[in-house]
Amino acid sequence: MPQPSSLQHPAQGPTPAAAAASPGLTPHGLRVVIPHAGRVTGPLREDLLQQRPVTLWLTGLSGAGKSTLAYALEEELHGLGFASFVLDGDNLRHRLNRDLGFSAAERSENIRRVAEVAALMNDAGLMVFTALISPQRSDRAMARALIGEHRFLEVHVSTPLNVCEGRDPKGLYTLARAGHIPQFTGVSAPYEAPESPDFSIDTAYLSLPDACEQVLALLRQRGYIR
């Protein structure tokens with residue numbers, strides 16, 4: 001049962017209209033959204049799955065190899081008996097974030113939502129790989145804060161622009177150079193590379209198996225998997 005102090009009427013309460021527009025407040029300014037904790041704790045889930053939850057935030061230019069690497073890592077971990085999941089930026093924009101465009105504010109909201117989902121998946125005991133350009137350092141810092149320092153590894157897939165554009169797997173660079181995609185990262189919008197990532201990997205010089213092995217070695221070194 002919630003404590004009585006959890007249901008409060010502010011001394012200088014908002015107007016009914018303002019309260020109705022405020023998350024968790026009734027028209028009378030009464031807060032009714034109260035967290036409810038379960039009895040299956042994080043350590044219990046870690047013991048069950050024999051792994052520590054973590055989010056590897058893969059950031060880099062379009063075509064850098066983020067999604068390819070994320071799904072290969074998921075497959076490798078599955079084969080080793082570990083539970084993980086990929087949150088791919090394009091896939092999420094078809095579902096959870098299909099209402100968002102590509103303005104600066106909408107891109108930040110995209111990152112916020114993905115970070116919140118990753119945090120929930122970490123709470124469930126899973127390892128998570130996010131594959132998003134996430135070009136702004138401030139947005140990635142927000143993601144780190146939401147997920148938690150102890151569960152967040154920023155991985156810069158640092159493949160250079162000329163290599164990414166040469167690959168152009170979705171034809172996006174061609175469209176951007178022709179002016180059909182405004183504010184395209186790396187062409188008409190900036191990418192703020194991490195200044196001190198937890199790990200950096202350049203897929204221009206590494207095979208996919210070698211790249212996977214380097215990231216798995218990082219997970220072992222940090223104690224997330226055996």
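This is a predicted model: local features need pLDDT of at least 70, side-chain atom pairs count only at pLDDT 80 or more; totals for chains, interfaces and linings use all residues.
The chain contains nine helices and five strands, which follow one another from the N terminus in the order α-α-β-α-β-α-α-β-α-β-α-α-β-α. Of its 226 residues, 38% are buried.

The largest pocket has a volume of about 720 Å³. It is lined by 31 residues, and S62, D90, I133, K170 and L172 are the closest to its centre. Helices α3 (66-79), α4 (89-94) and α5 (104-123) each give two or more residues to this lining, with the largest share, four residues, coming from α4. By class, the lining of the largest pocket comprises 12 nonpolar, 11 polar and eight charged residues.

The second largest pocket holds about 180 Å³ of space. At least two of its lining residues come from each of α3, β2 (84-88), α4 and α5; β2 provides the largest share, four residues. The lining of the second largest pocket includes Y71, E74, F85, V86, L87 and D88, together with N91, L92, R95, L96, V117 and M121. Eight of these residues are nonpolar, one is polar and three are charged.

Side chains of opposite charge can pair when their charged atoms come close. In the whole structure, 12 salt bridges are found. One of them joins R113 and E109, with an N to O distance of 2.8 Å. Both residues belong to helix α5 and are four residues apart, about one turn of the helix. R113 is buried, at a relative accessible area of 17%, whereas E109 is partly exposed, at 21%. The two residues also take part in a network of salt bridges that links D99, E109, R112, R113 and E116.

A further salt bridge is formed by the side chains of E195 and R137 (4.0 Å, N to O). Because E195 lies in the loop between α8 (172-177) and β5 (199-201) and R137 in helix α6 (residues 137-147), this pair ties together parts that are 58 residues apart in sequence. E195 is exposed, with a relative accessible area of 69%, while R137 is partly exposed, with 36%.

R144 and E149 also form a salt bridge, in which the closest N and O atoms are 2.9 Å apart. In this pair, R144 counts as buried at 18% relative accessibility, and E149 counts as exposed at 55%.

How values were computed:
Residues are numbered from 1 along each chain as its sequence is written. Side-chain values use heavy atoms; hydrogens and water are left out. On a 1 Å grid over the protein atoms alone, a cavity is a set of points where a 1.4 Å probe fits but cannot get out, and a pocket is an open set with protein on both sides within 12 Å along at least five of seven lines; lining residues have an atom within 4 Å of a point. Grid points are joined across faces, edges and corners, and a volume is the space filled by probe spheres set on the points. Ala, Val, Leu, Ile, Met, Phe, Trp, Tyr, Cys and Pro count as nonpolar, Asp, Glu, Lys and Arg as charged, and the others, Gly among them, as polar. Buried means under 20% relative accessible area, exposed over 50%, partly exposed in between (1.4 Å probe, protein chains only).
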